[in-house]
Amino acid sequence: MSERDRDSSATGREIGDELKRFRVGAGLLASDLADMLGCSASKISRMESGVRGYSELDVTMFLATCRASREDVVRVLDLVREQADGYRIRPHREQLPDELRSLIVTETQATEIIEFEPQIIPGILQIEDYARAVFRWFGLRDETGIDVRVQARLRRQKLLRRRDPPRFTFYIQEAALQAKVANDQVMHEQILHLLLTSSFEHCVIRVVPEAACPAGVLGVGFRIMRYNEAPVVAYVENQTASLFLEDPADLEVYRHVLKRLAGHALDGGQSREWLAALASEYDRAKDETR
């Protein structure tokens, strides 16, 4: 890994993405902004790449020149002040994890994403009606609020269909696929959607059978994101906050879990057969309830 890569963290890349977003929003070329700030275009490039070496004053001047609001300046400076201790917490507050800019930036820059989900189908693979049912189970009753959350979840799925998508591997426990989150019709459509998605060259879905690895024994779900020119990031979320991990000792724990999962899970072809059989079960069940 190059010196530049070692100096780039997930937080740094998030800061760089924010800076570039404000520059582009202001209609400025990097060379124009460099002239206005009296620095080199290469410094602007380094800042937007998330490479450390800039000060709070540099960031403040950058954002002020791009006409960012005071609230935005304060928000980005808070990121700059974060300690580089190998992890960062992002509270959800009124947002969904799907709406967190930290997650969006971290995902969209990844070249490979590996996800483990023991409880429900991963959000990025959920169809609209399944996602809607999940939020209702969570206790949401306001349909407008549910619609907002569902649309945020569906927007993340563009990552699966973009021209140069990351390589995806999903480890999904049998219990998550068997859980009757919605009626048989919706479950049938959801499993068919998984089958379709697993046909993408860049996407592998691997089912973890209950007999091979009981649900819960490997802990909660998580996501590993890899990059061509930056360190690996692990992502874990709960109801109130999301946690991003970069410390090598933490990452080793998740690598161990992935190794265990790879040994227990069906391969891609076996998983498609398993999903096809489950889709047929849901199809028969919905016909019987008519």
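## Cavity

By the grid rule used here, the count comes to 1 cavity of 30 Å³ or more. A cavity is a set of points, on a 1 Å grid over the protein atoms alone, where a 1.4 Å probe fits but cannot get out, and its lining residues have an atom within 4 Å of a point. Grid points are joined across faces, edges and corners, and a volume is the space filled by probe spheres set on the points. The largest cavity holds about 40 Å³ of space.

Ile224, Arg226, Val232, Leu251, Arg255 and Leu258 line the largest cavity. Strand E5 (222-226) and helix H13 (248-264) are the elements that give two or more residues to this lining. H13 supplies the largest share, 3 residues.

## Model and confidence

This is a predicted model, in which local features need pLDDT of at least 70 and side-chain atom pairs count only at pLDDT 80 or more, while totals for chains, interfaces and linings use all residues. Residues are numbered from 1 along each chain as its sequence is written, and side-chain values use heavy atoms, with hydrogens and water left out.

The mean pLDDT (the predictor's confidence in each residue, from 0 to 100) is 86 for the protein, and 90% of its residues reach 70 or more. Where pLDDT is low, the predicted coordinates should not be read in detail.

## Overall layout

The protein has 14 helices and 7 strands. Helices (H or I, at least four residues) and strands (E, at least two) are DSSP runs, numbered from the N terminus. The C-alpha atoms fill a box of roughly 70 × 40 × 30 Å, taken along the principal axes.

Of the 290 residues in the protein, 49% are buried. Buried means under 20% relative accessible area, exposed means over 50%, and partly exposed lies in between (1.4 Å probe, protein chains only). A contact means heavy atoms within 4.5 Å. Residues 24 or more positions apart account for 75% of the contacts with a separation of 6 or more.

## Nonpolar cores

A nonpolar core is a set of buried Ala, Val, Leu, Ile, Met, Phe, Trp, Tyr and Cys residues joined through side-chain atoms within 4.5 Å. The largest has 39 residues, of which Leu125, Leu177 and Ile191 touch the most other members. At least two residues of this core come from each of helix H8 (128-137), helix H10 (158-161), E3, helix H11 (174-178), helix H12 (184-198), strand E4 (203-208), strand E6 (233-237) and helix H14 (268-288). The largest share, 5 residues, comes from H12.

Leaving aside neighbours within four places in sequence, Ile191 is in contact with Ile121, Leu177, Leu275, Leu278, Ala279 and Tyr282. A second, separate core has 20 residues, among them Ala34, Phe62, Cys66 and Val73.

## Helix H8

In H8, the residues Tyr130, Ala131, Arg132, Ala133, Val134 and Phe135 are buried. What covers the buried residues of H8 includes helix H9 (143-156), H11 and H12. Arg136 also lies in H8 but is partly exposed, with a relative accessible area of 38%. Arg136 is 103 residues from Leu33 in sequence and 47 Å from Leu33 in space, C-alpha to C-alpha. Just after H8, Gly139 takes a positive phi of about 110°.

## Loops

Arg67 is found in the loop between helix H5 (56-65) and helix H6 (70-81). Although Arg67 is not a glycine, its phi is positive, at about 60°. Most residues other than glycine have a negative phi. Arg67 is exposed, with a relative accessible area of 63%.

Ser199 lies in the loop between H12 and E4, and is exposed, with a relative accessible area of 52%. Ser199 and Gly268 are 69 residues apart in sequence, and their C-alpha atoms are 9.5 Å apart in space.

## Cysteines

The structure holds 0 disulfides, a disulfide being a pair of cysteine sulfur atoms within 2.5 Å. Cys39 is in no disulfide, and the nearest cysteine sulfur, that of Cys66, is 11 Å away. Cys39 is partly exposed, with a relative accessible area of 23%, whereas Cys203 is buried, with a value of 2%.

Notes
1 Å grid on protein atoms, 1.4 Å probe; cavity = no way out; pocket = protein on both sides within 12 Å on 5 of 7 lines; lining within 4 Å.
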